[in-house]
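Dear colleague,

I am handing over the structure below for your attention. The notes that follow it set out what was found.

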Amino acid sequence: MFLIIKTQIFALVGALFFGFATASEAAQQLDIRPYEAPDECNPDISQIRVTVNGVSYGGMLTVGLYNDPNHFLIKQGRKRHVRVPATDAQHIVCFNLDQHGTYAVSAYHDKDADRKLKRYRNLFPGEPFGLSNNPKPVMGFPKFSDSAFTTEGLGTDIIINLRQP
């Protein structure tokens with residue numbers, strides 16, 4: 001009995017201090033739901049493959065896919081979103097495509113994993129944030145057209161460099 005408790009305590013301490021938790025355990029601890037999992041990356045099928053740079057360890061990375069210019073960056077306007085534990089400086093997440101078209105992608109590092117993008121003055125991102133095509137920041141709401149790209153064939157690869165707040 002003592003050995004079992006000692007082993008469980010070691011596993012807990014190891015997970016907390018040394019990062020021994022598996023990706024699945026980390027997802028559960030961060031409240032990442034099964035429908036938020038990215039698709040398996042496969043260059044042989046039609047996908048949007050997103051490389052996100054500038055992520056730091058801790059919290060979760062949220063990547064949203066949009067295809068409607070009138071609902072860009074609006075929660076209800078997302079075609080799909082994925083969340084993954086933020087563990088590396090670079091993450092690659094994939095979205096399988098059911099049809100080709102014009103899309104835009106947003107990404108943010110939810111450092112405290114509260115599932116919300118922090119904002120300054122209720123307008124500017126308060127956590128590392130980026131968009132497809134890496135448009136320069138402007139006053140006001142970003143435009144879909146500045147982040148839009150078109151897919152065809154086996155899809156496309158895009159890179160997002162997160163900007164620090």
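I begin with one cysteine: Cys94 is buried, because its relative accessibility is 0% (buried means under 20% relative accessible area, exposed over 50% and partly exposed in between, with a 1.4 Å probe and protein chains only). Before I continue, please note that this is a predicted model, in which local features need pLDDT of at least 70 and side-chain atom pairs count only at pLDDT 80 or more, while totals for chains, interfaces and linings use all residues. Residues are numbered from 1 along each chain as its sequence is written, and side-chain values use heavy atoms, with hydrogens and water left out.

The disulfide

Cys94 is joined to Cys41 by a disulfide, with 1.9 Å from S to S. A disulfide is here a pair of cysteine sulfur atoms within 2.5 Å, and the count by this rule comes to one. In general terms, such a link is a covalent bond between the sulfur atoms of two cysteines. The link of Cys41 and Cys94 is right-handed, with 100° about the S-S bond. Cys41 lies in the loop between α2 (23–29) and β1 (47–53), and Cys94 in strand β4 (residues 90–96), so the pair ties together parts that are 53 residues apart in sequence.

The overall arrangement

The protein has three helices and ten strands. Helices (H or I, at least four residues) and strands (E, at least two) are DSSP runs, numbered from the N terminus. Along the sequence their pattern reads α-α-β-β-β-β-β-β-β-β-α-β-β. The protein has 165 residues, of which 38% count as buried. Contact means heavy atoms within 4.5 Å; among contacts between residues at least 6 apart in sequence, 73% join residues at least 24 apart. The protein exposes about 10,100 Å², and carbon and sulfur atoms supply 57% of that area (accessible areas come from the Shrake-Rupley method with a 1.4 Å probe, and for residues only the protein chains shown count as cover).

The aromatic cluster

Rings of Phe, Tyr and Trp (its six-membered ring) pair if their centres lie within 6.5 Å; planes under 30 degrees apart count as stacked, over 60 as edge-to-face and the rest as tilted. By this rule the protein has two aromatic pairs. In the pair of Tyr66 and Phe72, which is edge-to-face, the centres are 5.4 Å apart and the angle between the planes is 85°. Tyr66 and Phe72 are both buried. Phe72 also pairs edge-to-face with Phe144, at 5.5 Å centre to centre and 85° between the planes. This second pair links distant parts of the chain, 72 residues apart: Phe72 is in the loop between β2 (60–66) and β3 (78–85), and Phe144 is in helix α3 (residues 144–147). Phe72 has a relative accessible area of 4% and is therefore buried; Phe144 is buried as well, at 10%. Tyr66, Phe72 and Phe144 form one aromatic cluster.

Helix α3 also holds Ser147, which is buried with a relative accessible area of 0%. Leaving aside residues up to four places away in sequence, Ser147 touches Phe72, Tyr103, Ala104, Leu131, Ser132, Asn133 and Pro135.

The surface

Tyr120, Phe124 and Met139 form a nonpolar patch on the surface, with about 360 Å² of accessible area together. Patches are made of residues with over 30% relative accessible area and no salt bridge, like charges being joined within 9 Å and nonpolar side chains (Val, Leu, Ile, Met, Phe, Trp, Tyr) within 5 Å; a salt bridge is a side-chain nitrogen of Lys or Arg within 4 Å of a carboxyl oxygen of Asp or Glu.

Tyr120 sits in strand β6 and is partly exposed, with a relative accessible area of 47%. Beyond residues up to four places away in sequence, Tyr120 touches Pro125, Gly126 and Pro165. The C-alpha atoms of Tyr120 and Pro165 are separated by 8.8 Å, although these residues are 45 apart along the chain. Phe124 belongs to strand β7 (residues 124–125).

Lys116 lies in the loop between β5 (102–110) and β6 (119–120) and counts as exposed, at 57% relative accessibility. Setting aside residues up to four places away in sequence, Lys116 touches Tyr108, Asp110 and Glu127. The C-alpha atoms of Lys116 and Glu127, eleven residues apart along the chain, are separated by 9.7 Å.

Yours sincerely
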